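Here is the note you asked for, meant for a first look. Have the structure open as you read.

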Amino acid sequence: MSRKDWIEYIVSEQDTGMNVEQIVRQKLNVSGRMMQRLTRSKGILLNRKQPFLQRQVKAGDTIAVRVIDRQEQAPRQPQHDTKPEGQTTPMPSIDILYEDDHLLIANKPAGMMVHPLKQETDTLVHALAAVLAARGEQASVHPVHRLDKDTSGAILVAKSSYGHQLADRLLREGGIHREYLAVASGVLAEGAGTIDAPIGRDTRHPTKRRVVDSGDPAITHYEVQQTSEGMTLVRVWLETGRTHQIRVHFSHIGHPLAGDTMYGGARGLLRRQALHASKLSFLHPLLEKEVVVEAPIPSDMKRLLQAEFK
């Protein structure tokens, strides 16, 4: 059972002999760090009372855990009166493709950063915090994975630290399937393939990555969807999630993404890399149902596809 602020577990006969802490850690998958925070904030209840964590439970007992931490803070919203007159910037609206009490999937527009690096207030985190605050929800915003600033599409976001730790574990165990649509320069020789090449930092550039023997393992799978005289539309899915992975890998095999000038792509109809996170799917860790979401192709990439793959 779950509701917005708490999640409950009914002790079964099979749990006989376990104590409260074991139930919370093993059955509700609460991490050690969160366990400490819940203990300090009285966020664990046994039959609606504060329990001794080593107390043994019996069948029919109800253990409740607070999943929305009272101390969780949404990012501070920009104060319009701190900006010069006439320079206020409205918070962009974000399409939410899926949402429940614990997780949501947003359709990130190209040109928007996920997290603030310095003092930015127009990031995805801020935009989603504004949406939740406008509804009166006491939820925080925890992106589970990343998308580059100029990559559009589906991104998984947790609405609490509890949801984040569950989704993060799912990500680390390979339980989140992410697909992309990309337009690569040139015509790929094979209809499908795998690029297995380690990725590390480019020591000559502060943000660039490159294939390097000492880098982290990186595996990208692709399947050709359409070809033109000078470009290839590919469906891409990842086995690993390195920074700039798709961009680096396609540049490495001689087919940089269209518009990706950092990695050798030509500037053309698209003023950014032709990369869109088109599909995201996973087995929900709490609801035990398959979640499958597709993000609509944005207008700038549609124009490229229509012009190149008529």
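Predicted model: local features only at pLDDT ≥ 70, side-chain atom pairs only at ≥ 80, totals over all residues.

1. Start with the open sheet, where 3 strands line up in the order S1-S3-S2 with antiparallel pairing. Strand S1 (6–10) and strand S2 (44–46) sit at the edges with a single partner strand each, so each has one side left without a neighbour in the sheet. From one strand to the next, the twist averages 15°.

2. Now look at how S2 meets strand S3 (residues 62–66): the two run antiparallel and are joined by 3 bridges. In S3, Val 65 is what you'll find opposite Ile 44. Helix H1 (residues 20–27) lies across S1, S2 and S3, and runs at about 60° to S3.

3. Next, the largest nonpolar core, which has 30 residues; Leu 124, Leu 128, Tyr 180, Val 236, Ile 246 and Phe 250 are the ones touching the most other members. Several elements each supply at least two of its residues, including strand S5 (103–108), strand S8 (176–185), helix H5 (245–252) and strand S14 (275–283). Helix H3 gives the most to this core, with 6 residues.

4. Setting aside neighbours within four places in sequence, Leu 128 is in contact with Ile 94, Ile 96, Leu 104, Ala 106, Val 141 and Val 157. Apart from this core lies another, of 22 residues, with Leu 53, Val 57, Ile 63 and Ile 68 among them. As background, nonpolar side chains tend to be buried together in soluble globular proteins.

Key
Residues numbered from 1 in each chain as written. Heavy atoms only, no water. Core = buried A, V, L, I, M, F, W, Y, C linked by side-chain atoms within 4.5 Å. Buried < 20%, exposed > 50% of the residue type's maximum accessible area, 1.4 Å probe, protein only. Helix = DSSP H or I, 4+ residues; strand = E, 2+ residues; numbered from the N terminus. Contact = heavy atoms within 4.5 Å. Pairing = 2+ DSSP bridges. Axes fitted to C-alpha atoms, helices over the stretch in contact; angles between N-to-C directions.
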